[in-house]
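Notebook open, structure loaded. I want to go through the strands, the helix packing and the ligand shell in turn.

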Amino acid sequence: MVSTALRKTGGEDVEGGVGLTALLVAAARAIETHRLDSLAQDVYAEHFVRAAPACAGWPVRIGEVPDGDTNPLWGRFARYFGLRTRVLDDFLLSSVHSGGARQVVLLGAGLDSRAFRLDWPADCAIFELDREGVLAFKHRVLAGLAATPRATRVPVPTDLRGDWVTALTGAGFDPAVPSVWLAEGLLFYLPGAAETFLIETVDRLTTPGSALAFEVKLEPDLLEYRTSPLYVATNRQIGIDLLTLFDREPRPDSAGALAAMGWSTSVRTPFEFSREHGRGPLPEPNDALEGNRWVFATRPRT
Ligand SMILES: C[S@@+](CC[C@H](N)C(=O)[O-])C[C@H]1O[C@@H](n2cnc3c(N)ncnc32)[C@H](O)[C@@H]1O
């Protein structure tokens, strides 16, 4: 078990500290939604941005950004989130429709509206884990829109640096039912021990055939990229200094750990998906995305 002596990473609500990163991703999804060649559609995203005073002046369409696609934050970085959303939408839907998962666990769900916008089987349950303030804001905005989830949606307020398993099982998660798990844009905010605990817990709570996708950053020293256009623009334009929010302890090798536990894993760069889809970020010099990897893992059926 991970220590419950929680390290503060900023305010507990959506408008402070790491919670604000959920709004950054929502703004990116809003921009992606309105692109003519959009990779993913999220009609709720712009409502989250508009409802948060901390986002006053943030764009929700690329046409609202004076330098458009050349803006490192609202151009390239936002497109990264659009691509990530699409790739992970596809992964979750295929794990449910072809893989047979009937529980979806969104770890660090933030303002992810997949429960409302994707085509789930009616007997599917979607568990959304995040901190209380983030989920309360999300609830307020979605309730104001009278949004209806397309499967059973179960918000689980918890801190993923502590004992979140009791909260998840207490909310109705059943380890005997096949599941698919997602940690999208989460692990680099957690201490290494919490990441290790999370991976071991997924192994412990899953049936054969269950699946997990997560995002990691492989750079040994994130500060080497502090002058990258992406980090500089995010800090200057909206005051989010990602490098102070990321945990900078040495990271565990979670893909390796899952492989050692018998899972099949594949580790992909986002750029591979940009090429597959014909749009999305490609490598550039001094690139804060260089070490990003998307890991897809399945627990074999035999
Ligand atoms: C970059 S956002 C990503 C949100 C969502 N997965 C997405 O891609 O839209 C990171 C999310 O992780 C959540 N998070 C970070 N540390 C957390 C913790 N210790 N416990 C629970 N949630 C946490 C934040 O509140 C935030 O919603």
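Which residues of E1 lie on one side and which on the other, and are they buried or exposed? First, the ground rules. I'm working from a predicted model, where local features need pLDDT of at least 70, side-chain atom pairs count only at pLDDT 80 or more, and totals for chains, interfaces and linings use all residues. Numbering starts from 1 along each chain as its sequence is written.

**Entry: strand E1**

I looked at both faces of E1: Gln103, Val105 and Leu107 sit on one side, Val104 and Leu106 on the other, and all are buried. (Buried takes 20 or more other C-beta atoms within 10 Å of the residue's own, exposed is 12 or fewer, partly exposed is in between, with C-beta atoms placed from the backbone.) For the whole strand, residues 103-107, I get five of five buried. Strands here are DSSP runs of at least two residues (E), helices of at least four (H or I), numbered from the N terminus.

Next I checked its partners; pairing needs at least two DSSP bridges between two strands. E1 runs parallel to E2 (residues 125-130), with five bridges. E4 (residues 179-183) also pairs with E1 in the parallel sense, over five bridges. I followed glutamine 103 across: it faces alanine 125 in E2, and its bridge partner in E4 is serine 179.

Axes are lines fitted to C-alpha atoms, for helices over the stretch in contact, and angles run from 0 to 180 degrees between N-to-C directions.

H1 (residues 19-33) and H3 cross at roughly 85 degrees, their axes coming within 8 Å. H1 and H3 are therefore roughly perpendicular (that covers 65 to 115 degrees; under 35 is roughly parallel, over 145 roughly antiparallel, the rest oblique). On the H1 side I noted Val25, Ala28 and Arg29 among the contact residues, and on H3 Trp74, Phe77 and Phe81 are included. Contact means C-beta atoms, placed from the backbone, within 7 Å.

H3 (residues 72-97) also packs against H11 (residues 270-277), at about 80 degrees with axes 10 Å apart. Here Tyr80, Leu83, Arg84 and Val87 of H3 meet Pro270, Phe273, Ser274 and His277 of H11. I sorted that contact into five nonpolar, two polar and one charged.

**Entry: ligand shell**

I found 21 residues around the ligand, the closest being Thr21, Ala22, Gly108, Gly110 and Leu160. H1 supplies the largest share of that shell, four residues.

Methods: Contact = placed C-beta atoms within 7 Å. Nonpolar A, V, L, I, M, F, W, Y, C, P; charged D, E, K, R; others polar. Near = placed C-beta within 6 Å.
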